[in-house]
Structure formats: C-alpha cells, structure tokens
Amino acid sequence: MGQRETSRRLTHSSAIRVMHWIGVYAMGCMIFSGWEIYNASPSLHFLFPAWTGLGGWLGGALAWHLSAMWLLFADGIAYLVYGFASGHFRRDLKPPRPAELGQDLGAALRFRLKHHMGHYNAVQRVLYAGVIIAVILQVMTGLAIWKPVQLGWLAGLFGGYPIARGIHLAIMFGIVAFVLVHVALVMVHPRTLKSMIVTVPQRSRKADERPA
Amino acid sequence: MSDQRNKPAVSMAEIRPELERLHRRGFLRGALSLGASLGSLTLLTGCDLSTHSGVDGALEAILCFDDRVQAALFSRKRLAKTYPASAITRPFRFNAYYAEWQVRPVPDNWVLSVAGLVADRRPWTLPALMALPQQGQITRHICIEGWSQIGQWSGVPLGAFLRRVGADLSARYVYFKCFDGYSTSIDMASALQPQTILALDFEEKPLAPQWGAPLRLRIPTKLGFKSAKNLEAIEVTNKYPGGYWENRGYDWFAGV
Ligand code: HEM
C-alpha cells in the first residue's frame, strides 16, 4: 500500500475513535458478564475469579449481557457500514499477500516490525480483520444460544445448542487473547493511544518509526 | 385453590441462606467495580450508585424491551427440535430452587385448581386429567445456567386443556402455582404452542416426585425454570403474575 496516497489523512477519523471506545465499553460488559454466566455452570474445569464477574449473580449477569448486546449491535453495525462506505476497510484492512504477511510476521517475532502511524502492516491487518470476524461470529453464536428454537437454523449452523455454547466460550477466549496482544502493543507505542483519543495528523508519523 | 394440608417437607429456616442469597437481586453486588462505575456513567448519568437503583432500573427497562423482542421473535408454529429415544440424557439431572432431598410428597387428595378467566372452574383430579388425549415429546430442556439435557415427557397439551375449561384465549397470561412454593407464568401465545404440555409422564412412567409429580408444565420453547413442577393451580389472567425466579430478576419471557 503506497504511503503517499494516505499521507494527508488523519491517523483515525473521529467516527472511528468514537466507535472504538464505545466498542471497548460494550465488549468489556459482554466479557465480564459472560464470565459470571459461565461461572453459574462451568463447562470446563475452572471458574473465573468471582470479583471479575459483572452482575453479582447469574440473573444480574444475564441482564448486563442482554443489555450491553444492544450497544454492541449498534456500534458494530455502525462500524461495518462506516468501514465499507468510507473505504476504510478496502484501504486499510486489505488482506496481505502471503509473502508480505510472512515477512512482517517474521519481523514481528524478532521484534523488528516497524509501526507506521496511519498505515497498518500485514500482521496488524490480519489481527484487526480477524477480531472483526471473531466479534461477528460471537454475535451469531450468542444469538444462536439465546434463541436455539426461534433461530433454530442459526443454532443448527453451529452444530446445535451445546456446541454453539462451546464455540461462544471459545471465541471469547480468542477475543480476550487479541485484547491482550493489542493492549501490549499499544503500551509499546503509547503514541498510538493518543491517536485513538485525539486528532493526530499524519505528519507525526516519522517520529514513531522505530522498531518495536 | 386447594390449601396445603401437608406440612412442607422443608421449613423456611432450612432454605433461608439460599433464599437470602437470591433475594439480593442487586444486579451490581460483587460486580467488577470498573464495569459498575462505567455502567453508571454510560447507561445513566447522575444515578446514585449507593442505592444501585439507577443501574438496576436501566437494566430492568432493557430486559422489558428484550421481552418484547422475544415475543416478536416467537412463532406459535415454530416447533422445538425433537430427538430419538437414543438421545435421552441419562442420568437426568434434578433441578429446583431447593436440593433433591427436600422434594415434597404429593399432598393427599391432590387436585388441580383452575382459576381466573375460565368458564369452568371445577378442579381436576388425576384420573380426569389422564382421561384427556395425551401427547409425547423428546425435547431439549435448556437451563438458564447454560447446561441442557434431552428428556421425554407426555401429557395433555395445554392448549387443549385451556379450550376444554373454556379459558379466555385472548387473555395475556397463564399462571402456574405449585405446592412446593414455586410459581411461574407464561404468555398466552406460548401456552398455545402445540408442544406446551401438562406432563403426567416422564420417560413413559408417571412422574416421580423429583420430576414434578403428579403434574408439571413442560414447555420446550422456554428456559427450564418455566417448566414448573408439582402443579396445584392454573390461573388465566390479564394481570402480570410474575413468578418465583421472575420476581428475583430473571427475565420474564425467557423464550429459547
Ligand atoms: C461479542 C461479545 C460477547 C462475548 C465476549 C460473550 C461472552 C460470553 C461468555 C463467556 C458466556 C458464558 C458461556 C458459557 O457459559 O460457557 C456467554 C453466555 C451467553 N451469551 Fe454471550 N458473549 C458475547 C456476545 C453475545 C451476544 C451478542 C449475545 C446475543 C444474544 C449473547 C448471548 C449469550 C447468552 C444467551 C449466553 C448464556 C448462555 C449460557 O447460559 O451459557 N452473547 N457469553
């Protein structure tokens, strides 16, 4: 992707910044209330620490889960519409060629991958696209276990109620893993955090070009 | 309504700790403080967290909205999936708001009372219920806790029963009262769904006490807590009747 063509843009549009933080809040509610729901009848041999649960008890956790889901829906749909309509996805999340991904992944694993403000490298593009797809699947499996009869076709798509419930739990772990990596990388490049909060023009890009 | 002759097998003192835990329906208690404080900021600005009523109120309002969405998604014609006998879960898990050793015996001279918006309020004896046309099902019972199991029940379709007693089928709610202190209620549309039955049998044998003897509701289009066991009265009403868990904060519609 030519950096020239993007060089006059802001790093993140204000729409993206607002949607990002609403998404963080909604996702936090979904994850922590989900842990409380899990604890009511754990399907694996562990419990999430009680203090991490949101809702206080199963009924409260479900109230949070089935409330915050509307925020997540609204935010997610706005984000998808914006992403396609503005060309953000086409421009910034283009699937990398395998060679490009291999190169960037190798660099990342050797802590040599550079971060350019306003331009995503191949590893970033794959991670961001991956988490978008994971959240879409999480909403789909969530709907499937909420309405396994009325949306029986959807539950069937995921192998029926018990399997859909297992997938819902598994994708949560995937999303949490993304968040951990994502936050760690933001801590390595604090400037990126600022750019997700306030307007940062592309000009400041140079200053951030150092190996991670 | 038949009054309870048998002394309950469980005294209130025995189940008080459990009840007290559940009575605290404060949605925030024990909650992650970050989520809680962010919740108060975003869902409701300026609410007094010390009472928790603001956030609880907002969550309850959204649950009411969810109930309307659930009612709209519901179709009386859509059937829950049925399974072959080989899929039945064994051993079948007991579940109630009390432990299995506290299951109540069936009161002597048990009858099913019928109340509210019905033409014929005569109580029903067990033989009279058994004489009505029966229908069986092997369906998945899904608990609000997330676990599920496949069971086999048969009995009288609730829709046929309601027509038989001349119920006002345009009424909003059907309320179920149980002799173990439990209660629940469902919407009329779900009551008339053809798989909603007043079950007399479990696995082709008359219900044992722990499975809800002598009569229970079995409704595969709702979460498990709606399938009330040990029935003693049915009431057709337009006044919101609530229920044991519904009054403690589970969402009322609870459809699946
Ligand atoms: C995208 C973010 C979401 C996350 C991180 C998430 C996470 C979780 C987790 C960890 C559980 C516990 C699963 C278990 O008991 O094994 C759960 C349960 C549940 N989720 Fe979600 N969820 C999300 C979205 C949704 C959505 C959009 C719905 C839509 C209705 C939904 C509906 C449900 C329901 C009904 C349960 C209860 C199932 C049960 O009792 O086990 N979830 N969620």
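Modeller: A residue counts as near a molecule if one of its heavy atoms lies within 4 Å of it. Residues from chains A and B surround the ligand, so the site is shared between chains. The model is predicted: local features need pLDDT of at least 70, side-chain atom pairs count only at pLDDT 80 or more, and totals for chains, interfaces and linings use all residues. Residues are numbered from 1 along each chain as written, chains are lettered from A and ligands numbered from 1 in written order, and side-chain values use heavy atoms, without hydrogens or water.

Now the polar contacts (pairs of N or O atoms within 3.5 Å). The side chain of A:R165 places an N or O atom 3.0 Å from an oxygen atom of the ligand. Chain B contributes through its backbone: a polar backbone atom of B:G146 is 3.4 Å from a ligand oxygen. A:H168 has a polar side-chain atom 2.8 Å from a ligand nitrogen. Helices here are DSSP runs of H or I with at least four residues, and strands are runs of E with at least two.

Next, the metal. The protein donors of the ligand's iron atom are NE2 of A:H65 and NE2 of A:H168, lying 2.0 Å from it. A donor is an N, O or S atom within 2.8 Å of the metal, or 3.2 Å for Na, K and Ca. Six donor atoms subtend angles of 87 to 179° at the iron, which makes the arrangement octahedral. That term asks for opposite donors over 155 degrees apart and all others between 65 and 115. A:H65 lies in helix α2 and A:H168 in helix α7 of chain A, so the pair ties together parts 103 residues apart in sequence.

The fold of chain A is simple to list. It has eight helices and zero strands. Its C-alpha trace spans about 50 × 35 × 35 Å along the principal axes.

Last, the backbone of chain B. A cis peptide bond joins B:R90 and B:P91, with omega about -5°. B:P91 is in the loop between α3 (53-73) and β1 (113-116) of chain B. Another cis bond runs from B:A213 to B:P214, with omega near 0°. The loop between β7 (205-206) and β8 (216-218) of chain B holds B:P214. B:N230, a residue other than glycine, has a positive phi near 50°. B:N230 lies in the loop between β8 and β9 (231-237) of chain B.

Notes:
Polar contact = N/O pair within 3.5 Å; in protein donor to acceptor, adjacent residues only side chain to side chain. Tetrahedral: all angles 85-135°; square planar, octahedral: opposite > 155°, others 65-115°.
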